[in-house]
Amino acid sequence: MGNIVSIPIINELDIVVARQKGREMAKEFGFVSIDLALIATAISELTRNIITYATNGNIFFELIEEHGRKGFRLISKDEGPGIEDIKLALQDGYSTTSSLGLGLPGVKRLMDDFDIQSVMGQGTIVTATKWLN
Ligand SMILES: Nc1ncnc2c1ncn2[C@@H]1O[C@H](COP(=O)(O)OP(=O)(O)OP(=O)(O)O)[C@@H](O)[C@H]1O
Ligand SMILES: [Mg+2]
């Protein structure tokens, strides 16, 4: 608990590394197969956004315990351009790169808790937590 793992995200391969590491940590913590798949998907979407929009950044994994509940928290952090309209970015189908625009709203649905902090010209921090039942 309280042990944070940080993975630098610079290229495509780092997405694979982050997925594997996140999955492994969550598995050791007791998450079952279906949750591991959801967590891995969330990691993919957030790290892909880092590469696409911010060029590079970091993803952090943390095993947490709050109010007697255990959870897996992931935090993606970059110093890219920031998101102008967070509400819009969370709508299905909104994309500034003609992509599907399902990444962020997907992560919000897949995880239990979700939060975006973004400042134009400074960067973006997305925090998402999955609780262990
Ligand atoms: N880390 C980020 N920095 C800056 N802008 C971002 C970041 N992540 C997302 N965005 C903005 O939010 C929009 C929506 O992101 P989302 O991941 O939902 O869709 P997408 O990346 O465009 O498409 P998809 O993920 O489905 O391939 C992006 O098009 C982009 O404009
Ligand atoms: Mg995306």
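A search of the whole structure finds 5 salt bridges. A salt bridge here is a side-chain nitrogen of Lys or Arg within 4 Å of a carboxyl oxygen of Asp or Glu. This is a predicted model, in which local features need pLDDT of at least 70 and side-chain atom pairs count only at pLDDT 80 or more, while totals for chains, interfaces and linings use all residues. Residues are numbered from 1 along each chain as its sequence is written, chains are lettered from A and ligands numbered from 1 in the order in which they are written, and side-chain values use heavy atoms, with hydrogens and water left out.

**Stop 1**

Select E12 and R48. Their side chains meet in a salt bridge, 3.1 Å from N to O. The pair links distant parts of the chain: E12 sits in helix α1, R48 in helix α2, and 36 residues separate them. Helices (H or I, at least four residues) and strands (E, at least two) are DSSP runs, numbered from the N terminus.

How open are the two partners? E12 counts as partly exposed, at 45% relative accessibility. R48 is partly exposed too, with a relative accessible area of 38%. On this scale, buried means under 20% relative accessible area, exposed over 50%, and partly exposed in between (1.4 Å probe, protein chains only).

**Stop 2: along helix α1**

Stay on α1, which covers residues 12-29. Select E24 and K21. Here the side chains form a salt bridge of 3.6 Å, N to O. Why is the spacing about one helical turn? Because E24 and K21 are 3 residues apart in helix α1. E24 is partly exposed at 41%. K21 is partly exposed as well, at 29%.

Now pick R19, also in helix α1. R19 counts as partly exposed, with 35% relative accessibility. R19 and A42 lie 23 residues apart in sequence, yet 8.9 Å apart in space, C-alpha to C-alpha.

Next, colour L13, V16 and V17. Together they make a nonpolar surface patch of about 260 Å². Patches are made of residues with over 30% relative accessible area and no salt bridge; like charges are joined within 9 Å, and nonpolar side chains (Val, Leu, Ile, Met, Phe, Trp, Tyr) within 5 Å. Accessible areas come from the Shrake-Rupley method with a 1.4 Å probe, and for residues only the protein chains shown count as cover. Zoom in on V17. It is in helix α1, and its 39% relative accessibility makes it partly exposed.

**Stop 3: the largest pocket**

Turn on a surface. The largest pocket has a volume of about 690 Å³. Of the 30 residues that line it, the closest to its centre are N49, Y53, I83, T96 and L104. Select those five.

How is a pocket found? On a 1 Å grid over the protein atoms alone, a pocket is an open set of points with protein on both sides within 12 Å along at least five of seven lines, whereas a cavity is a set where a 1.4 Å probe fits but cannot get out; lining residues have an atom within 4 Å of a point. Grid points are joined across faces, edges and corners, and the volume is the space filled by probe spheres set on the points.

Which element gives the most to the lining? That is α2, with 8 residues. At least two residues each come from α2 (33-54), β3 (69-78), α3 (86-89), α4 (103-110) and β5 (123-131). By type, the lining divides into 14 nonpolar, 11 polar and 5 charged residues. Ala, Val, Leu, Ile, Met, Phe, Trp, Tyr, Cys and Pro count as nonpolar, Asp, Glu, Lys and Arg as charged, and the others, Gly among them, as polar.

**Stop 4: the loop between α3 and α4**

Select R109 and D92. Their side chains meet in a salt bridge, 3.1 Å from N to O. R109 lies in helix α4 and D92 in the loop between α3 and α4, so the pair ties together parts that are 17 residues apart in sequence. R109 is exposed at 55%, while D92 is partly exposed at 47%.

Move to L102, placed in the loop between α3 and α4. L102 is partly exposed, with a relative accessible area of 41%.

**Stop 5: two positive phi angles**

Most residues other than glycine have a negative phi. Select S98, in the loop between α3 and α4. S98 is not a glycine, but its phi is positive, about 55 degrees. S98 counts as exposed, at 76% relative accessibility.

Finish at T55, in the loop between α2 and β2 (57-66). Phi of T55 is near 75 degrees, again a positive value in a residue other than glycine. T55 is exposed, with a relative accessible area of 53%.
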